[in-house]
Amino acid sequence: MRKILVTGALGQIGSELTMLLRKEYGNDNVIASSRRYKEGHDKLMESGVFEILDVTDGKQISEIVRKHKINTIIHLAAVLSAVGEANPQQAWNINMNGLYNVLEVAREEGCSVFTPSSIAAFGDSTPKDKTPQDTIQRPNTIYGVTKVAGELLCDYYFHKYGVDTRGVRFPGLISYETLPGGGTTDYAVHIYYEALKSKRYTCFIAKGTKMDMMYMPDALKAIVQLMEADPAKLKHRNAFNVTAMSFDPEEIAASIRKYIPEFELDYDVDPVRQAIAESWPNSLDDSAAREEWGWSPDYDLDSMTKDMLEKLKVKLGL
Ligand code: VAH
């Protein structure tokens, strides 16, 4: 039986993944953890064990893994792209020392590890359209550097020590439960909130800037599907390209206008996040994930927009 520790469990992915895992594996088999407690996660707190955990302290990870007899670590605690550029040293410390500590405990205690990489692991010299699974990876953000290093470190722990490491390269993730924590793709979440609240949005990413995106239900499905995949079929392990759609701000605005015709979009481009976005792919080739573990998304842009607007109306009491 899986006994799972989720790090970063109060973040955009972790807060929803923890609830899904508790439904699939049993409340008592999923331990949520975060560096500090945050308001607004009552159901998560009430439905199972929550531990305060700073992943930069390997001893804390080891104690929690032993205390709860953990055999699977889903490591989500990380600093994202835009916040990382504002504090590269903190990003390196949390993203790299945190992952190293998780892998060391997994090696000592015999745990499997799932940790996501990102399309941020690609840079300007990477082919931008239908970015291949195996290609040039020279990112110029500290977040991207930690993602490439993380992919290589996870591969190393598999080949050197036999630690069952797995992961995907996530595109921008869109969800309505928990706001994203300081990324470049966050505009694609904020735009839905503003469309409902004020029927207008000022976008910090420029017109025509395409990025890969995915609705959160598909991201959660990818995590569980890869975690449970037959290891004999995995030629890749820690960096599967996965995607569901690719759009620019005008295209998501057009999708919103199918439900809110008067929605208006204008721009106030943030040069830092625009530069990051331009260094990332326009679209990914996710055929390796489809072939090796049956990846296939359920949501496209319009079905995501429909569901996001419906769920946010309830959440915002509109
Ligand atoms: C970010 N949401 O914007 C994250 C993600 C591909 C983007 O890694 O930093």
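The questions and answers below concern a predicted model.

Trainee: In what order do the 6 strands of the open sheet run, and which strands stand at its edges?

Mentor: The pairing within this open sheet is parallel, and its order is β3-β2-β1-β4-β5-β7. A strand with a single partner has one side left without a neighbour in the sheet, so the edges are taken by β3 (50-52) and β7 (165-166).

Trainee: Which residue of β5 does T72 stand opposite?

Mentor: Strand β4, residues 72-75, pairs with strand β5, residues 112-114, in the parallel sense and over 3 bridges. Within this pairing, the residue of β5 that stands opposite T72 is S112.

Trainee: At about what angle does helix α3 run to β3?

Mentor: Helix α3, which comprises residues 58-67, lies across β1 (4-7), β3 and β4. Its direction relative to β3 is given by an angle of about 155°.

Trainee: Is R166 buried or exposed, and the backbone oxygen of which residue lies 2.8 Å from a polar atom of its side chain?

Mentor: R166 lies in strand β7, and its relative accessible area of 5% is under the 20% cut-off, so R166 counts as buried. Its contacts beyond four places in sequence include V113, F114 and T115, as well as L226, M227 and E228. The backbone oxygen that lies 2.8 Å from a polar atom of the R166 side chain belongs to A229.

Trainee: How far apart are the end C-alpha atoms of helix α12?

Mentor: Helix α12 has 15 residues, 301-315, and at 1.5 Å a residue these should span 21 Å.

Trainee: Which residue caps the N-terminal end of α12?

Mentor: The buried residues of α12 are L301, M304, T305, D307, M308, L309 and L312, and what covers them includes β9 (172-174), α7 (187-197) and β11 (211-215). Just after the helix, G317 takes a positive phi of about 65°. At the N-terminal end, a side-chain oxygen lies 3.3 Å from the backbone nitrogen of D302, and the capping residue that supplies this oxygen is D300.

Trainee: How many disulfides does the count come to, and how far from C154 is the nearest cysteine sulfur?

Mentor: A disulfide requires two cysteine sulfur atoms within 2.5 Å, and by this rule the count comes to 0 disulfides. C154 is in no disulfide, and the nearest cysteine sulfur, that of C111, is away from it by 14 Å.

Key: Residues are numbered from 1 along each chain as its sequence is written. This is a predicted model: local features need pLDDT of at least 70, side-chain atom pairs count only at pLDDT 80 or more; totals for chains, interfaces and linings use all residues. Side-chain values use heavy atoms; hydrogens and water are left out. Helices (H or I, at least four residues) and strands (E, at least two) are DSSP runs, numbered from the N terminus. The expected span of a helix is 1.5 Å times one less than its number of residues. Buried means under 20% relative accessible area, exposed over 50%, partly exposed in between (1.4 Å probe, protein chains only). Contact means heavy atoms within 4.5 Å. A polar contact is a pair of N or O atoms within 3.5 Å; within protein, one must be able to donate a hydrogen and the other to accept it, and residues adjacent in sequence count only if both atoms are side-chain atoms. Two strands pair if DSSP finds at least two bridges between them. Axes are lines fitted to C-alpha atoms, for helices over the stretch in contact, and angles run from 0 to 180 degrees between N-to-C directions.
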